[in-house]
Amino acid sequence: MASHIGKLPIEIPAGVEVTINGQDFSAKGAKGSDSYTIPEGVSAKVEGNEIIVTANDDLRPTRAKHGLARSIMASMVKGVHDGYQKSLDIVGTGYRAQMKGKGIEFSLGYSHTITVDPPEGITFELPNPNQVIVKGTDKQAVGQVAANIRKLRAPEPYKGKGIKYSDEVIRRKAGKAGK
């Protein structure tokens with residue numbers, strides 16, 4: 001029984017260059033380049049404008065890595081072609097962000113400001129002081145940086161103040177019952 005996801009071919013969009021050399025996989029595109037070591041027992045080959053990922057045997061650990069390897073490779077191909085982005089909203093009176101060099105300085109109601117510098121391959125954008133967009137080619141890194149920023153002041157359920165993902169819904173609670 002092969003992996004359902006692993007069996008799907010990965011389409012290579014125009015302008016993306018894919019190289020497979022043994023277990024080394026690399027993708028180069030308009031947004032940058034990325035590389036990955038394909039796990040043991042899984043092999044990949046380019047056929048036309050598709051990448052076919054196959055499991056070499058039917059052992060359980062191999063089957064487990066099959067879908068994972070395909071997902072990671074598909075994310076890389078999409079990343080170097082389109083890039084990934086996560087957008088965060090800052091909600092709350094006096095809560096805001098401003099660019100400081102490449103990094104961002106947050107004022108989140110603490111006695112101090114917090115400066116976040118982007119790691120390698122990640123860029124920040126501030127369309128306005130209450131919105132931050134994290135962009136990059138690596139899906140995992142973009143998600144991690146966005147999660148770290150959200151953690152600075154996670155949203156609370158009473159007034160909804162804090163940093164939330166733009167598509168996140170904050171469940172609101174009723175406050176104290178007055179007399």
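## Aromatic rings and charges

Let's start with the rings. In this predicted model, the number of aromatic pairs is 0. Lys 86 places its charged end over the ring of Tyr 165, 5.2 Å from the ring centre. Tyr 110 has a charge over its ring too: the charged end of Arg 153 sits there, 4.2 Å from the centre.

## Strands around β6

Now find strand β6, residues 50–55, and look at its pairing with β1, residues 10–11. These two strands are antiparallel and share 2 bridges. At this pairing you can see Glu 11 opposite Glu 50 of β6.

Strand β5, residues 42–47, also runs antiparallel to β6, and 6 bridges join them. Here Val 42 faces Ala 55 of β6. The hairpin that β5 and β6 form has 2 residues between its strands, and Gly 48 takes a positive phi near 65° in this hairpin.

Next, look inside. In soluble globular proteins, nonpolar side chains tend to be buried together. The largest nonpolar core of this model has 20 residues, and those touching the most other members are Ile 90, Phe 106, Phe 124, Val 134 and Ile 149. Several elements give two or more residues to this core, including strands β7 (84–91), β11 (122–128) and β12 (131–136), as well as helix α3 (139–151). Helix α3 provides the largest share, with 4 residues. Another core lies apart from this one; it has 18 residues, among them Val 16, Val 18, Phe 25 and Val 77.

Leaving aside neighbours within four places in sequence, Phe 124 is in contact with residues including Met 99, Ile 104, Val 116, Pro 118, Ile 133, Val 134, Val 145 and Ile 149. Lys 102 and Asp 117 are also among the contacts of Phe 124.

## Salt bridges

Side chains of opposite charge can pair when their charged atoms come close. The count of salt bridges here is 5. One of them joins the side chains of Lys 45 and Glu 47, with 3.6 Å from N to O. Lys 45 has a relative accessible area of 41%, so it counts as partly exposed. Glu 47 is partly exposed as well, at 42%.

Another salt bridge is formed by the side chains of Asp 89 and Lys 164, at 3.9 Å from N to O. This pair links distant parts of the chain, 75 residues apart: Asp 89 belongs to strand β7 and Lys 164 to strand β13. Lys 164 is buried, because its relative accessible area of 15% is under 20%.

Arg 150 and Glu 168 also meet through their side chains, at 2.7 Å from N to O. Arg 150 is partly exposed, with a relative accessible area of 22%.

## A threonine in a loop

Finally, turn to the loop between β12 and α3, where Thr 137 is found. Is Thr 137 buried or exposed? Its relative accessibility is 16%, so Thr 137 counts as buried.

Which residues does Thr 137 touch, not counting those up to four places away in sequence? They are Lys 31, Gly 32, Gly 79, Val 80, Gly 83, Tyr 84 and Gly 121.

Definitions and conventions:
Residues numbered from 1 in each chain as written. Predicted model: local features only at pLDDT ≥ 70, side-chain atom pairs only at ≥ 80, totals over all residues. Heavy atoms only, no water. Phe/Tyr/Trp six-rings, centres within 6.5 Å; stacked < 30°, edge-to-face > 60°. Lys NZ or Arg CZ within 6 Å of the ring centre and 35° of its normal. Pairing = 2+ DSSP bridges. Core = buried A, V, L, I, M, F, W, Y, C linked by side-chain atoms within 4.5 Å. Buried < 20%, exposed > 50% of the residue type's maximum accessible area, 1.4 Å probe, protein only. Contact = heavy atoms within 4.5 Å. Salt bridge = Lys/Arg side-chain N within 4 Å of Asp/Glu carboxyl O.
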